[in-house]
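Open your viewer and keep the selection panel handy. We will start with the whole chain, then move on to one helix and a few charged side chains.

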Amino acid sequence: MAAVVKAWMPGAKRVPCAGPAGAHLQGGAPRAVWLTTESDPAALTARAVAQRLAGDGRLGHLVWNPRTGETVQLLPATAPAAGELTAGAPDRACEGRVCIVVTVIGWSYAPFTDSPMCDLAPILRWLDSWGVARRWPAGAPAAAPAHPRTRGCDERLWARGGHFGHSQVPGAQSPSPGAVSPHRLLEPPEPPGRARSLTAPPPQPQALPAIEHSANGERHYAGAARG
């Protein structure tokens, strides 16, 4: 039976917002774009950030706090975060069968992949379900500069789809998410399983060595050295 692809990420909280009228996805390789809020994940909840974004008319799909694992969704995967990635035409947020914008609560100068990333796996599984390949065509994003400048990857790399930092979107003017590690982000370690002692069979009692008796009545364990 074919897997059911869900427009809303299972387990994520919701703060729905309305996208611009008439905006639609134009087709092409599916991709995800990661960016940072330039704020403290220890001080803000994902819900608070999502509500602020919605109130300011900003768009995005997921808001994720990597410190707590809280994830909030604003837009379904089938709706573009129009105008969120680039200021002018072409609107890169409308390119691809999906172009899912993941807003991470953190700073571009302190890559969030250098710290624990709670509940990352459900996000990756959801992106997988939409065909976003676990690859980073443009290579690791650069460290955040002192002043943002127009950057972006080659159009051919962008066309391949997969995962990108906001700074790598063609025509973008953003330093985020900074020098995150694609390897740590896309290949997180498996969560630890139960301790082996919970499933391993109980230890078997060890048989005591046989006791030998010498002619003078002394006792020795079989195989033990005799002085």
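This is a predicted model: local features need pLDDT of at least 70, side-chain atom pairs count only at pLDDT 80 or more; totals for chains, interfaces and linings use all residues.

Begin with everything shown: among contacts between residues at least 6 apart in sequence, 72% join residues at least 24 apart. Of the 227 residues, 41% count as buried. The protein exposes about 12,600 Å², and carbon and sulfur atoms supply 54% of that area.

Now switch to a cartoon view.

The mean pLDDT is 85, and 78% of the residues reach 70 or more. Select residues 194-201: the pLDDT there is below 50, and the stretch has zero contacts in the model beyond near neighbours in sequence. Residues 217-227 also have a pLDDT below 50, but this stretch has 17 contacts beyond near neighbours in sequence.

**Stop one: helix H2**

Select residues 120-129, which form helix H2, and show side chains for its buried residues: Leu120, Ile123, Leu124, Trp126 and Leu127. Why do they lie on the same side of H2? They cover an arc of only 160° around the axis, which puts them on one side together. In general, an α-helix has 3.6 residues a turn, so residues three or four places apart point the same way.

Just after H2, pick glycine 131, which takes a positive phi of about 80°.

**Stop two: salt bridges**

A search of the whole structure finds seven salt bridges. For one of them, select glutamate 84 and arginine 58, whose closest N and O atoms are 2.6 Å apart. This pair links distant parts of the chain: glutamate 84 sits in the loop between E4 and E5, while arginine 58 is in the loop between helix H1 (46-55) and E3, 26 residues apart. Glutamate 84 is buried, with a relative accessible area of 12%, whereas arginine 58 is partly exposed at 41%.

**Stop three: a linked trio**

Finish with Arg92, Glu95 and Glu155, which are linked in a network of salt bridges. Which partner lies 63 residues from arginine 92? That is glutamate 155, in helix H3 (residues 155-159), while arginine 92 is in the loop between E4 and E5. Their closest N and O atoms are 2.4 Å apart. Arginine 92 also meets glutamate 95, at 3.3 Å from N to O. Arginine 92 is buried at 7% relative accessibility, and glutamate 95 is buried as well, but glutamate 155 is partly exposed at 41%.

Technical notes:
Residues are numbered from 1 along each chain as its sequence is written. Side-chain values use heavy atoms; hydrogens and water are left out. Buried means under 20% relative accessible area, exposed over 50%, partly exposed in between (1.4 Å probe, protein chains only). Helices (H or I, at least four residues) and strands (E, at least two) are DSSP runs, numbered from the N terminus. The arc is that of the directions from the helix axis to the C-beta atoms. pLDDT is the predictor's confidence in each residue, from 0 to 100. Contact means heavy atoms within 4.5 Å. Accessible areas come from the Shrake-Rupley method with a 1.4 Å probe; for residues, only the protein chains shown count as cover. A salt bridge is a side-chain nitrogen of Lys or Arg within 4 Å of a carboxyl oxygen of Asp or Glu.
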